[in-house]
Amino acid sequence: MRLDLHLHSTASDGEVRPSEVVRLAAEARLDVVALADHDTVAGVEEARAAGREREVEVIPAIEVSTTRAGRELHVLGYFVDPAAPSIEEHQERAVRLRHQRIVEMIRRLDGQGIAVSFDAVLEEAGPERSALGRPHLARAMVAAGHASNVPEAFNRWIGDEHTAFVPTDLGDPLDGIRTIEDAGGVAVWAHPPRDLIDGLLPELVRGGLRGIEVHRPRTRPDEVRRLDGIARSAGLLVSGGSDWHGPGRGLELGDFWVGADEVSELLEAGGM
Ligand code: AMP
Ligand code: ZN
Ligand code: FE
Ligand code: FE
């Protein structure tokens, strides 16, 4: 069995719509995927419907953005009920605040002589958009000729701690974990930063964190072993996924996958 438990769609900052994500997953012979858009489950129903047609199991998921001491930390919520009040409330607020945040980043860019219109950002985000994100702004900057590609826009202006960066500020990681728990989900720390994991993990586990993302593409084997060891000694679940956002970025859907053995306990926790 091949699984990829971290995918994005046009509901947030991915480049293909949810049904197309699933079609590509089926084509790439993935058996189980999790659609984990940033702060929204707007794509989950479409993805699950496509999954039933194509015999791909689609785990309903979300990647909750949280901020602690100015750092962006992401918490994956697997097996969440998309209709749960905690998710609806989080999503409604996140969509609204992410919109305002892009407006603020546009204002900061403008102060540095970089003119981008909000409409151009909406156009890049496309009609299925739910939660806006920095990649939409980056693409609008590229389209307007301010940067030659998305990484350049991040590296010069909108990347973490750069001059036009505004944090998402949607809540503390403990709030994110609670949102997921209240929706019946399993909270897993996505791509835990090396310098924060040891200091923060015990507190997050006390707050209900159930696992950490261990298997990711382009990760050195010793790093995977380190994270796997941390998960084991803390009695945490292990997850793995590509964080795929769209084709043509050097890693196609299906290039990375984990086997059922690696994430079996997580699947069991979700009743699979
Ligand atoms: P946001 O949630 O709006 O802060 O956007 C975060 C997303 O931006 C991440 O999930 C990535 O898709 C993308 N991203 C973050 N940093 C970079 C970077 N340095 N270069 C390209 N994309 C990035
Ligand atoms: Zn993203
Ligand atoms: Fe993330
Ligand atoms: Fe992600």
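Student: What makes the approach of H245 to an oxygen atom of ligand 1 a polar contact?

Tutor: In this predicted model, a polar side-chain atom of H245 lies 3.1 Å from an oxygen atom of ligand 1, and since a polar contact is a pair of N or O atoms within 3.5 Å, the pair qualifies. R134 also has a polar side-chain atom 2.8 Å from an oxygen atom of ligand 1, and for H38 the separation is 3.1 Å. Taken alone, ligand 1 exposes 500 Å² (Shrake-Rupley, 1.4 Å probe), and the protein buries 74% of that.

Student: How do you know which residues coordinate the iron ion (ligand 3)?

Tutor: Donors are N, O and S atoms within 2.8 Å of the metal (3.2 Å for Na, K and Ca), and water is not among the atoms, so sites may look incomplete. E63 (OE), H74 (ND1) and H191 (NE2) stand at 2.0 to 2.2 Å from the iron ion (ligand 3), and therefore count as its donors. The zinc ion (ligand 2) is 6.0 Å from the iron ion (ligand 3).

Student: Why can E63 and H191 be said to tie together parts of the chain?

Tutor: E63 belongs to strand 3 (residues 57-68; a DSSP E run of at least two residues), whereas H191 is in the loop between strand 5 (186-189) and helix 8 (197-206; an H or I run of at least four), so the pair joins parts 128 residues apart in sequence. The donor spacing is E-x10-H-x116-H.

Student: What conventions apply?

Tutor: Residues are numbered from 1 along each chain as written, with chains lettered from A and ligands numbered from 1 in written order. Local features need pLDDT of at least 70 and side-chain atom pairs pLDDT 80 or more, while totals for chains, interfaces and linings use all residues, and side-chain values use heavy atoms, without hydrogens or water.

Notes
Polar contact = N/O pair within 3.5 Å; in protein donor to acceptor, adjacent residues only side chain to side chain.
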